[in-house]
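Hi there,

Here is the structure I promised to pass on to you. Have a look at it first, and then read on for my notes.

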Amino acid sequence: MSDTVGRGDPLRALTSLRATRWFTDEDVSETDLHRILEVARWTGSARNRQPWRFHTVRDASVRDELSRCGAYALHVRGAPVVVLLALDRSGADAEFDGGRVAQNIMLAAHFLGLGSCPVTFFPEHNADRVAERLDLAEPWRVRTGIALGHPAPAPTGESAIPSGRHPLDILWQGE
């Protein structure tokens with residue numbers, strides 16, 4: 001486990017995961033990428049359908065094209081590698097399973113000291129563009145990608161994205 005994650009308390013490691021939208025130029029090694037995707041492949045899914053396929057993109061021109069496939073996709077341009085999650089959407093639970101595998105990819109990257117940030121390709125015509133780029137046919141669809149890389153310092157200034165978390169007493173209604 002990377003020193004950036006924090007040794008000793010696995011729950012602290014889980015709560016320290018943050019979205020990384022700024023990356024250095026350092027490449028993600030094939031070894032690290034393989035380890036991340038190996039973790040992803042072991043993600044649980046409904047009825048063990050494993051309704052996913054992973055497409056990796058390192059080419060700068062393709063990442064640039066992907067960065068124009070959604071209002072919040074710009075950060076994929078600067079990531080050394082993007083993992084695109086193709087889902088077999090013929091099952092009603094594929095989107096939920098896709099969220100599970102995306103989170104595991106991000107956590108595996110985090111444990112290796114890499115940064116990550118998900119991207120959703122929307123509206124629908126942007127998902128169509130990504131599917132077309134990958135030559136995917138129904139029922140396969142890419143709505144989610146994960147930008148991966150070595151974290152770089154974020155630019156200074158005010159962010160439009162709120163930070164922090166709601167207190168647990170607002171989120172949890174127990175008996």
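This is a predicted model: local features need pLDDT of at least 70, side-chain atom pairs count only at pLDDT 80 or more; totals for chains, interfaces and linings use all residues.

**The largest pocket**

The largest pocket holds about 980 Å³ of space. Its lining is made up of 30 residues, and those closest to the centre are A19, R21, W22, S159 and I161. If you want to find the pocket by secondary structure, look at α1 (10–15) and β3 (115–120), each of which supplies at least two residues of the lining. By residue type, the lining divides into 16 nonpolar, 9 polar and 5 charged residues.

Next, have a look at α5, which spans residues 124–133. Its buried residues are N126, A127, V130 and A131. They lie on the same side of α5, because the arc they cover around the axis is only 140°. What do the buried residues of α5 pack against? Their partners are α3, β2 (81–88) and β4 (140–149).

Helix α3 covers residues 60–67, and its buried residues are V62, R63, L66 and S67. These four span an arc of only 145° around the axis, so they too sit on the same side of their helix, α3. The cover over the buried residues of α3 includes β1, β2 and α5.

S61 is also in α3. Its side chain makes a polar contact with the side chain of D59, at 2.4 Å.

**Two buried serines**

S16 is in the loop between α1 and α2 (30–41). Is S16 buried or exposed? With a relative accessible area of 16%, it falls under the 20% cut-off and therefore counts as buried.

S116 belongs to strand β3. This serine is buried because its relative accessibility is 2%, and buried means under 20%. Leaving aside neighbours within four places in sequence, S116 is in contact with R18, A19, T20, F23, M106, A109, I146, A147 and L148. One of these, A19, is also among the residues closest to the centre of the largest pocket.

**A tryptophan in β4**

W140 is placed in strand β4. Not counting residues up to four places away in sequence, W140 touches P51, W52, R53, A86, L87 and D88. The pair W140 and D88 is 52 residues apart in sequence, yet the two C-alpha atoms are 4.5 Å apart in space.

**Backbone points to check**

Most residues other than glycine have a negative phi, and most peptide bonds are trans. With that in mind, here are the places to look at.

- F122 and P123 are joined by a cis peptide bond, with omega about -10°. P123 is in the loop between β3 and α5.
- The peptide bond from E138 to P139 is also cis, with omega near 10°. P139 lies in the loop between α5 and β4.
- Q50 is not a glycine, but its phi is positive, at about 50°. You will find Q50 in the loop between α2 and β1 (52–57). Its relative accessibility is 32%, so Q50 counts as partly exposed.
- D135 is not a glycine either, and its phi is positive at about 60°. D135 follows α5 and is part of the loop between α5 and β4. Its relative accessible area of 72% is over the 50% cut-off, so D135 is exposed.

Best wishes

Technical notes: Residues are numbered from 1 along each chain as its sequence is written. Side-chain values use heavy atoms; hydrogens and water are left out. On a 1 Å grid over the protein atoms alone, a cavity is a set of points where a 1.4 Å probe fits but cannot get out, and a pocket is an open set with protein on both sides within 12 Å along at least five of seven lines; lining residues have an atom within 4 Å of a point. Grid points are joined across faces, edges and corners, and a volume is the space filled by probe spheres set on the points. Ala, Val, Leu, Ile, Met, Phe, Trp, Tyr, Cys and Pro count as nonpolar, Asp, Glu, Lys and Arg as charged, and the others, Gly among them, as polar. A polar contact is a pair of N or O atoms within 3.5 Å; within protein, one must be able to donate a hydrogen and the other to accept it, and residues adjacent in sequence count only if both atoms are side-chain atoms. Buried means under 20% relative accessible area, exposed over 50%, partly exposed in between (1.4 Å probe, protein chains only). The arc is that of the directions from the helix axis to the C-beta atoms. Contact means heavy atoms within 4.5 Å.
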